[in-house]
Amino acid sequence: MGESRQELLGWMNSLLQLNMTKVEQCGTGAALCQIYDSIYLDLPMARVKFNANNEYSYLENFKILSNTFRKHAIDRPIPVQDLIKCKMQDNLEFLQWSKRYWDQYYPGGDYDAIARRKGAGGAPAMPVAGGGGGGGRTSGARRPVGSAGVVPRTTSRQTGGGSVGAGTSGVLQQKNAELMETVQGLERERDFYFSKLRDIELLIQQAMEAEPSLEEDEGSLLKQIQTILYSTEEGFEIPQEAEAGELAGEEETF
């Protein structure tokens with residue numbers, strides 16, 4: 001039997017300086033990526049999405065984790081399709097295994113989780129009292145230590161309006177960063193589905209070129225699919241530059 005959910009959350013929050021409340025949150029893949037980064041220090045943490053909010057973004061995180069498993073010859077299969085559903089049991093079992101692996105291979109020393117992910121995170125980074133059990137290793141909160149041996153504080157209480165303004169600015173910057181990341185995710189998702197529709201369109205065109213009679217048969221399945229692809233909502237007009245691009249872009253590839 002592995003550690004309990006609470007023990008694992010305590011260990012993970014302490015190691016990664018997060019405040020995750022459910023094991024199911026591991027289904028985004030972000031925290032799992034950083035657990036293995038704490039061992040190898042070679043994951044591209046700047047590409048890991050801690051604010052991921054859809055399965056498409058989760059898959060990108062697990063792609064990074066899968067590359068790490070291959071690079072370091074970790075032969076444990078990653079049940080990605082089960083994990084991204086954010087079900088408790090699947091994520092608990094994989095996290096228990098990851099904790100055992102961490103106990104065995106963590107090189108020791110301090111791990112600056114916040115610096116490694118450049119301050120990104122789905123929740124404010126904060127230490128959790130107490131660590132996880134097991135493995136015979138202390139896994140308390142790791143904090144960066146300054147040159148004078150003093151642990152820097154992440155927040156400070158100041159008097160006057162300056163501290164309030166600085167805090168508000170920081171919140172706005174964080175919100176802006178989250179919105180930008182959301183927009184980028186939506187754009188990637190849009191391009192992903194558009195490329196699929198374009199592939200379908202090309203297949204239909206090729207089939208109709210091979211058998212011209214299909215073009216005249218309004219009841220054929222291909223013709224019906226093509227009609228759906230080219231249908232528009234009432235009041236929508238295709239921009240002229242788009243029409244010109246379609247006429248001149250027959251050789252365009254996606």
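Buried means under 20% relative accessible area, exposed means over 50%, and partly exposed lies in between, with a 1.4 Å probe and protein chains only. By that rule, 31% of the 254 residues of the protein chain are buried. This is a predicted model, in which local features need pLDDT of at least 70 and side-chain atom pairs count only at pLDDT 80 or more, while totals for chains, interfaces and linings use all residues. Residues are numbered from 1 along each chain as its sequence is written, and side-chain values use heavy atoms, with hydrogens and water left out.

**The whole chain**

Start with the protein chain in a cartoon view. The protein chain has ten helices and zero strands; helices (H or I, at least four residues) and strands (E, at least two) are DSSP runs, numbered from the N terminus. Switch to a surface view: the accessible surface (Shrake-Rupley method, 1.4 Å probe) is about 16100 Å², and carbon and sulfur atoms hold 53% of that area. Contact means heavy atoms within 4.5 Å. Among contacts with a separation of 6 or more, 67% join residues 24 or more positions apart.

**The largest nonpolar core**

Next select Met12, Ile35, Tyr36, Leu65 and Leu95. In the largest nonpolar core, which has 41 residues, these five touch the most other members. A nonpolar core is a set of buried Ala, Val, Leu, Ile, Met, Phe, Trp, Tyr and Cys residues joined through side-chain atoms within 4.5 Å. Helices H1 (5-16), H2 (30-40), H3 (55-71), H4 (80-83) and H5 (88-105) each give two or more residues to this core. H2 supplies the largest share, seven residues. In soluble globular proteins, nonpolar side chains tend to be buried together.

Now show what surrounds Leu95. Apart from neighbours within four places in sequence, Leu95 is in contact with Leu8, Trp11, Met12, Val23, Cys26, Leu32 and Ile35.

**H1 against H5**

Select H1 and H5. Their axes are 11 Å apart and the helices pack at an angle of about 60°; the axes are lines fitted to C-alpha atoms, for helices over the stretch in contact, and angles run from 0 to 180 degrees between N-to-C directions. H1 is therefore oblique to H5. Arg5, Leu8, Trp11, Met12 and Leu15 of H1 meet Met88, Leu92, Leu95, Gln96, Lys99 and Trp102 of H5.

**H2**

How many of the eleven residues of H2 are buried? Ten of them are, so H2 is largely enclosed by the rest of the structure. The buried residues of H2 include Ala30, Cys33, Gln34, Asp37 and Ser38.

**Two loop residues**

Most residues other than glycine have a negative phi, and most peptide bonds are trans. Go to Gln17, in the loop between H1 and H2. Phi of Gln17 is positive, near 55°, and Gln17 is buried, with a relative accessible area of 6%. Then go to Leu41, which follows H2 and lies in the loop between H2 and H3. Leu41 also has a positive phi, near 55°.

**Lys223**

Finish at Lys223, in helix H9 (residues 221-230). Is Lys223 buried or exposed? Lys223 is buried, with a relative accessible area of 11%. Met208 is 15 residues from Lys223 in sequence, and their C-alpha atoms are 8.9 Å apart in space.

Terms used. Parallel < 35°, antiparallel > 145°, perpendicular 65-115°, else oblique.
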